[in-house]
Amino acid sequence: MKTNNHMAKTADMVKRGDEGAVRAAKLAIVGGGAAGMFAAAVAAERHVPCVLIERKARLGSKVLMTANGRCNFTKDISAEDFLRDVGPCARWVAEAIRECPPRQVIKGFKSLNVPLRRMPDGRMFPADGKAATIVHAFGDLLRDESVPILTNCPVVGIAVAPRGGFVVRTANFDLSAENVLVATGGVSYPKTGSVGDGQNFARALGHRLVPYRPGLIGLEANDRRITSLAGRRFEDGRAKVMDASGRVVFDYRGEVDCESFGLSGAAVYNSQRFIEHENMSDYSIEVWFAHERLTFRNLRPRPVKEAIVTLGGVSLDDVNPHTMESRKVKGLYFAGEVLDIDGPTGGYNLTLAFATARKAVVSICG
Ligand SMILES: Cc1cc2nc3c(=O)[nH]c(=O)nc-3n(C[C@H](O)[C@H](O)[C@H](O)COP(=O)(O)OP(=O)(O)OC[C@H]3O[C@@H](n4cnc5c(N)ncnc54)[C@H](O)[C@@H]3O)c2cc1C
């Protein structure tokens, strides 16, 4: 495990068995991805003593992959427009988003001196087109604020301590904390460190889980008109979803990409997410790209491990949307993709992670 001096000091302070330090860490943040880094930044701003614990050697492995390494971190729209677009979780996340709207996220990165680029449709990126710039901005802020960061440090269990608070079990030692924020992400791209640990901790502590399904993922279509163009991207594509009676129920203009397995790109991803949320077992999808206009029935999505976002996770019925605190275990909080929340392409999922993380920390500081 890597620690620098202040990290090592804090790690020592919060080790189990040190009576005086049992409540030294007001907050242990499990997971150093989008939600965990944002939570640690908010905690630092509000002087909440916290420790950020990440299983991988570095923070933000998945963030580094976003938008093909360019990081579409939010969209320059109002909170109400965001909530109109975001989908089934809109009501549950409304308070978190209104308190941390996309434009506040933009302001936050500006205040960290990250030069930004706005696309004509409002999608926001770091100006240099590098997701690493966003991750470094968090890293620099947390180091400047002396937030202890434990990397290479997988959490293997979270237990309620007999005298209140929590014991956070890592592969190497145990930590004590008054509150725990679980920000361990979904289950896609497991190499980034998100493997469903947080959901397992939640289940062990009595929370219900909504089954995982892939969200924003390609559709398999073994058709020469597509596979012969594998690797080609068509920005002005379109996809329409029709129900069993042929009625158009979803229509999205955006990128369509041809792959060796079939179709991907924003228009296909958002259609797939719609189909999954609506639980459609009999549908057709019309896909437009180049001069093609192809219709398919009931295409199979690629597996969840390849998904941009995981549908399902910790049930929203077991978490209070006004605080992000568990309704089952006091002092236990959740943020980001570990929860059963998700949005479309366009910066919505990172914004959800940021806003829910902020909400949790603000609740913890009262
Ligand atoms: C290819 C791809 C492209 C994407 N592009 C975009 C985009 O452009 N815009 C957008 O808004 N969203 C995008 N997303 C989605 C977005 O990246 C996620 O929704 C977001 O990162 C979720 O944040 P999170 O903090 O909940 O989880 P993550 O960012 O996945 O972070 C979870 C962290 O927890 C750590 N962790 C897990 N278990 C443990 C444990 N037991 N102990 C310690 N640490 C643990 C993991 O290592 C990981 O670092 C993309 C996703 C993918 C896969």
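User: How many residues of domain 1 are in contact with domain 2?
Analyst: Seven residues of domain 1 are in contact with seven of domain 2 (contact: C-beta atoms, placed from the backbone, within 7 Å). Heads up, this is a predicted model: local features need pLDDT of at least 70, side-chain atom pairs count only at pLDDT 80 or more, and totals for chains, interfaces and linings use all residues. Residues are numbered from 1 along each chain as its sequence is written.

User: Okay, where does each domain run?
Analyst: Domain 1 covers 5-212 + 306-365, and domain 2 covers 218-302 (bounds from an automatic or database assignment). Their centres, taken over C-alpha atoms, are 32 Å apart.

User: Switching topic: at what angle do H3 and H7 cross?
Analyst: At roughly 155°, with the axes coming within 8 Å (lines fitted to C-alpha atoms over the stretch in contact, angles from 0 to 180 degrees between N-to-C directions). H7 is residues 131-144, and H3 is 61-69 (helices are DSSP runs of H or I, at least four residues, numbered from the N terminus).

User: So parallel or antiparallel?
Analyst: Roughly antiparallel (that's over 145 degrees).

User: Which residues meet there?
Analyst: Val63, Leu64, Thr66 and Gly69 of H3 meet Ala131, Ala132, Ile134 and Val135 of H7.

User: And the ligand: which residues come nearest?
Analyst: Gly31, Gly33, Gly185, Gly193 and Gly336, out of 40 residues around the ligand (C-beta atom, placed from the backbone, within 6 Å). H3 gives the largest share of that shell, six residues.

How values were computed. Helices (H or I, at least four residues) and strands (E, at least two) are DSSP runs, numbered from the N terminus. Angles under 35 degrees count as roughly parallel, over 145 as roughly antiparallel, 65 to 115 as roughly perpendicular and the rest as oblique. Two residues are in contact if their C-beta atoms, placed from the backbone, lie within 7 Å.
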